[in-house]
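The following note is intended for a colleague who meets this structure for the first time. Its numbered points may be read beside the sequence and the model.

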Amino acid sequence: MILFRYLTREVLLTMSAVAGILMLVIMGSRFIRYFASAAEGDFPVTILGSLMFYHLPGFLELILPLAFFLGILLAYGQLYMNSEITVMVACGMSPTRLLRVTLLPASIVAVMVGLCSLWLTPAGALLNEATIEEQQSRLDVSVLAPGRFQSFGSGRTAYISDFSSDGTEMQEVLVHEQADPDSDNTHSYVTRARTGHQETRVETGSRFLILEEGERYGVTPGRREAERLTFERYTLRLGLSRNRQELDSLEFATTAELWNDADPRAQAQFQWRAGLPLMVFILALLAQPLSRVNPRQGRFAKLLPAVFLYVAYLSLLLAAVDAIGGGSLPSAVGVWPVHGLFLVLGGLLIWRSQRKGMR
């Protein structure tokens, strides 16, 4: 039990450090992309935290297997460097027993990856897309920036010259609305107003842009006629005026829905999700023999070949998923030959390690 706790702690601590670094890099890159979109006025800065949180399971399902793989390599490599494995061999520790010790943290990581891939990632992706869709389907005063033309859905573009001192009223508002191709009305409208502000009806949740002291022009391209309307107060409905995009992508489907769907693309998505927890155990088989290094070589001697092996594994999986979705590979065969190939490779490496011992 002492050795078990010691080895498990070393592997999990190293894995946590690697996962933290990878998470910081990936989330930092995604945050920069979202921040640039927020600066362009695509959605308010206030929802950045929610968007990053919804993406977290999708990051974890890819980061945790790699971090666990590298954690075993680095942790056990350090044990070889310090000759601690030599002491364990002298006490009767064998590669098979070391593998059994490794399988418990592998089971913990596999459960975490399974929760993410089978449940949390599609749910988070759906919430993320719905949040962005909701924000882009309505005009929010917090999104607009003075002196810039900004689109807010349904072919609408808004321009304001400035805000009032308290930030609630817009000055010199211009709103352009393109003609809806699905409607009988072929007019494109340009509305100009001296001031404008936003109101929300509590009973319905609908948003309205209230424009005051302005004019509204309706023009049909190719015609000489035009409509002109002068108003003291004009109400433009927002939010519900845009047909909500159907979020029916397989990326957002639940795992149960994918299981019952015979479409090759659905089966490809299902096998990708179901294969990620299995990948953790196979990587544990590969990592243990690869972590064996000579003290004179250094603990990073086999790190680069191991990373290349992981990249090959992941690339073959992605290629198989694409082949299934494209119909060139039967879903009955699926991605399982790829998992089987690396499972056999891990078994061969373990067998070779048992023959040579852990000296």
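1. Helix α6 covers residues 264-290; at 1.5 Å a residue its 27 residues should span 39 Å, and the 36 Å between its end C-alpha atoms agrees with this. The expected span is 1.5 Å times one less than the number of residues in the helix. Helices (H or I, at least four residues) and strands (E, at least two) are DSSP runs, numbered from the N terminus.

2. The model is a predicted one: local features need pLDDT of at least 70, side-chain atom pairs count only at pLDDT 80 or more, and totals for chains, interfaces and linings use all residues. Residues are numbered from 1 along each chain as its sequence is written, and side-chain values use heavy atoms, with hydrogens and water left out.

3. Where does α6 bend? A kink of about 35 degrees is found at Leu276, shortly before the proline Pro277. The bend at a residue is the angle between axes fitted to the seven residues ending there and the seven starting there.

4. The N-terminal end of α6 is capped by Asp263, which places a side-chain oxygen 3.0 Å from the backbone nitrogen of Arg265. Of the 27 residues in α6, 21 are buried, and the helix is thus mostly covered. Buried means under 20% relative accessible area, exposed over 50%, and partly exposed in between (1.4 Å probe, protein chains only).

5. As a whole, the protein chain has eight helices and six strands. Their order from the N terminus is α-α-α-α-β-β-β-β-β-β-α-α-α-α. Buried residues make up 43% of the 359 in the protein chain. Among contacts between residues at least 6 apart in sequence, 62% join residues at least 24 apart; a contact means heavy atoms within 4.5 Å.

6. Helix α1 (residues 2-39) has 38 residues, which at 1.5 Å each should span 56 Å; the distance of 54 Å between its end C-alpha atoms agrees. Its buried residues include Leu7, Val11, Met15, Val18, Arg30 and Tyr34. Val18 counts as buried because its relative accessibility is 15%. Setting aside residues up to four places away in sequence, Val18 touches Ala67, Leu70 and Leu74. The C-alpha atoms of Val18 and Leu74 are 9.9 Å apart, although 56 residues separate the two along the chain.

7. Which residues does Asn128 contact, leaving aside neighbours within four places in sequence? They are Tyr34, Leu51, Tyr54 and His55. Asn128 belongs to helix α4 (residues 95-136) and, with a relative accessible area of 5%, is buried.

8. There are seven aromatic pairs in the structure. One of them is stacked, because the rings of Phe69 and Tyr310 have centres 6.2 Å apart and planes at 25 degrees. Rings of Phe, Tyr and Trp (its six-membered ring) pair if their centres lie within 6.5 Å; planes under 30 degrees apart count as stacked, over 60 as edge-to-face and the rest as tilted. This pair links distant parts of the chain, Phe69 in helix α2 (residues 48-81) and Tyr310 in helix α7 (residues 303-326), 241 residues apart. Phe69 is buried at 0% relative accessibility, and Tyr310 is buried at 7%.

9. Two arginines deserve a look. Arg216 has its charged end over the ring of Tyr189, 4.2 Å from the centre, while Arg30 lies over the face of Tyr34, 5.8 Å from the ring centre. A charge sits over a ring if NZ of Lys or CZ of Arg is within 6 Å of the ring centre and within 35 degrees of the ring normal.

Conventions: A polar contact is a pair of N or O atoms within 3.5 Å; within protein, one must be able to donate a hydrogen and the other to accept it, and residues adjacent in sequence count only if both atoms are side-chain atoms.
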